[in-house]
Structure formats: structure tokens, C-alpha cells
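Subject: Structure for your review

Dear colleague,

Please find below the structure that I am handing over to you. My notes on what was found in it follow.

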Amino acid sequence: MEAFNVKEHPHTRLNILTGDWILVSPHRTKRPWQGKVETLAPDDRPSYDPKCYLCPGNTRADGSVNPDYVDSFVFTNDYSALLTDTPDGSFNINGLLSAKSEKGICKVLSFSPDHSLTLPRLSVEGIEKVIDVWSEEFKSIAADPTIKYVQIFENKGEVMGSSNPHPHGQIWASSSIPLEIAKETSQQKKYFEENGKSLLSDYLQLELEQKERIVLENEHFVALVPFWAVWPYETMIVSKRHFTNLLQFTNDEKQAYAQILKKLTAKYDNLFEIPFPYSAGLHQAPVNDGDHPEWHWHMHFYPPLLRSATVKKFMVGYEMLANPQRDVTAEWAAEKLRELSEVHYKESR
């Protein structure tokens, strides 16, 4: 009988951060594709767009006027999903209909005044300034005792729902701990209590020994395709040192983080020579919720593209009703990303 081979045969993999399982079906990469093909917007943005709500000096949808900023610019979202003045309240009918009010704040962060730039096109120093704003906002928002979690993230590209092409990210802070963070907290806490060290410290050590899924590495951070990746070219940046949030970065770690961010996002763009779409976000310990020594800082990248710049991965059918599934293996995706240049294709011509 043929021996089981993870590169050829269907199998499931455990996401140690959430406790969820994923179905991997590597044999399906051989099937022809006759499904939806995305239409790409041309990448010919000017450095300034008079109609852009995020460019310096422009008027936003609510009538506010942006300052003539020169680095990064942050403001409260004009159409926030969470509000600071939501009244307290809840209801519960027979344990079947349950709801409670949720307070919070949503902010928008423009990475640069230049409308045409994205993270991989910024200088390392420019990315460090973005990290500085993330840190300042995290510290300021976490000072509110009603806030329990601060989620810093970026949706890049129309295919990921970004409503504005100007390089920007968001910060959502909530009065409760979100679902994914609750799952990661539970998994990390259990491992820490049983082993006396962080889950990701041991996982990272194993990945560095095997080297199959490593994409980039520097003195302080590793970018890899996690063993349990769901999205085709999903990656995760993990700090080599165990700390719980970005306020604990040393100056050297901040610079190293900026460097690996620039190189990883350049590799993404180089894959299909387009501004590669993704949702990405920092995962760090909850705030105003007691100590969380189990938490190990990391950052997730969830890009949807699969076979080319115009074919994306859909989470439908079995994935919505039963279990996440992917066709390409994490090892295959890591090899593809590892082979790509760290220099952005527009800067190497």
C-alpha cells in the first residue's frame, strides 16, 4: 500500500494558535480553473490625488480637512464601526436571544502623504515612523480602562474591501476581547502553564530547525508560512524574543521589524508583479485584562490570490459549512516566496 505523503495526499493540520483544524488537499492543484477571474485596477496612481480623502490638505467625506502632513497621519474614522458613547445595555431572552452593547474606537492611519506608495515602497525609516504611530496609538488607546483589545491592521487592495487606494491601515479597539484573540489567548495560556515558556517560542525553534517554511529571517524576527496556513500565501512574522506587545520593542527590534516588513511585502508584490492584496494585522496581548505572560507578539498576513494575479481563493461551501481547506501546501508556498527577490520589482528595473 502507498505510504502517506503530506505533499500528495489529503490531510488535516492543527492550528496551534486557535485549536482549529484545516483540510489540505494538495492533489487539487492539478484541476483546471474555469471560475471567476478578477479584474485588476491599473497601478498608475499619482503621488497626489485631489479626490482622495487621505491625501494631505484634502477634505474628507464628513467635511473635515486633513492637515498638510509629511509623515504619517492618524484620525478617528469618520464612519466608525465602534463608538465611544454607545449606551450601556444588554438583553437575554431565555438564553436564546442575547446581546450586549459594545464600546470602542476606530482610527485610520495614513502611512505616507504620497498617494502612490505602499509599505514595500516606503523606506525602512518611513516604515519605522509608521511603527512609532502604531505604538503611540496603542499606548494612548490602552490607557482607557474600558478597552480590552487594540487591533492594528491593514486591508490592502480592492479585492480585500479597501475603499481607498491611498496607503493606510486601521486601528479598532473594543470593550471586549474579539473571538480570534480569545482563542489565541486560551491556546497560548494552556501551553505556557504546562511548559513554562511561550507556545510560539517553541514553535519558532522547530521551524528554524526544519527550515521548510521559513521565508525571511533577521536577528530579531522570522517571516514564515505557518504549518496550518489557510490562505494560499499566508505568512506570519514572529519575534524571536518573547514579548507581549509592540511597546516592548527595543530600537534594534523596531528597525529589524521595519526591514522584514519591507522585504516580505516586496516579495508579495514580486510574486505576480502587482500591488499584492492582503489583510494583515498585529496580534498582541489584551489590555486592561490582567497579566498575559503567555502572549507572544506576532503578525498575520492573509492574502487571497491563488494561481495568478487574477485568480483568488474563495472561502465558500465546505469552508463556510464545515472546515477551512487549501490546495497548495504551506511548504510549497514558502518555497515560492523564498525564491523571490527582496527588492521590489519597480525598484529593480
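A residue is called buried under 20% relative accessible area, exposed over 50%, and partly exposed in between, using a 1.4 Å probe and protein chains only. By that scale Glu273 is partly exposed, with a relative accessible area of 43%.

Please note that this is a predicted model, in which local features need pLDDT of at least 70 and side-chain atom pairs count only at pLDDT 80 or more, while totals for chains, interfaces and linings use all residues. Residues are numbered from 1 along each chain as its sequence is written, and side-chain values use heavy atoms, with hydrogens and water left out.

Confidence
The mean pLDDT (the predictor's confidence in each residue, from 0 to 100) of the protein chain is 93, and 95% of its residues reach 70 or more. Over residues 32-37 pLDDT stays under 50; for these residues the model has 6 contacts (heavy atoms within 4.5 Å) beyond four places in sequence.

Backbone
Most residues other than glycine have a negative phi. Glu273, however, has a positive phi near 55° and lies in the loop between α4 (251-272) and β12 (278-283). Helices (H or I, at least four residues) and strands (E, at least two) are DSSP runs, numbered from the N terminus. Asn288 also has a positive phi, of about 50°; Asn288 is found in the loop between β12 and β13 (298-302) and is partly exposed at 37% relative accessibility.

Nonpolar cores and surface
A nonpolar core is a set of buried Ala, Val, Leu, Ile, Met, Phe, Trp, Tyr and Cys residues joined through side-chain atoms within 4.5 Å. The largest one has 55 residues, and those with the most contacts inside it are Trp134, Ile237, Tyr257 and Trp297. Helix α1 (residues 124-142) supplies the largest share of this core, 9 residues. Leaving aside residues up to four places away in sequence, Tyr257 touches Ile131, Trp134, Phe221, Ile237, Phe249, Leu282, Trp297 and Met299. A second, separate core has 15 residues, among them Leu199, Leu200, Leu204 and Leu224.

Salt bridges
The whole structure holds 18 salt bridges, each defined as a side-chain nitrogen of Lys or Arg within 4 Å of a carboxyl oxygen of Asp or Glu.

In the pair of Arg60 and Asp78, the closest N and O atoms are 2.8 Å apart. Arg60 lies in the loop between β2 (21-24) and β3 (73-76) and Asp78 in the loop between β3 and β4, so the pair ties together parts that are 18 residues apart in sequence. Arg60 is buried at 8% relative accessible area, whereas Asp78 is partly exposed at 23%.

Asp88 pairs with Lys103, with the closest N and O atoms 3.4 Å apart. Asp88 is exposed, at 68% relative accessibility, and Lys103 is partly exposed, at 24%.

Glu331 pairs with Arg213, the closest N and O atoms being 2.6 Å apart. Since Glu331 lies in helix α6 (residues 330-339) and Arg213 in the loop between α3 (199-210) and β9 (214-217), the pair ties together parts that are 118 residues apart in sequence. Glu331 is buried at 9% relative accessibility, and Arg213 is buried at 5%. Salt bridges that share partners join Arg13, Glu207, Glu212, Arg213 and Glu331 into one network.

With kind regards
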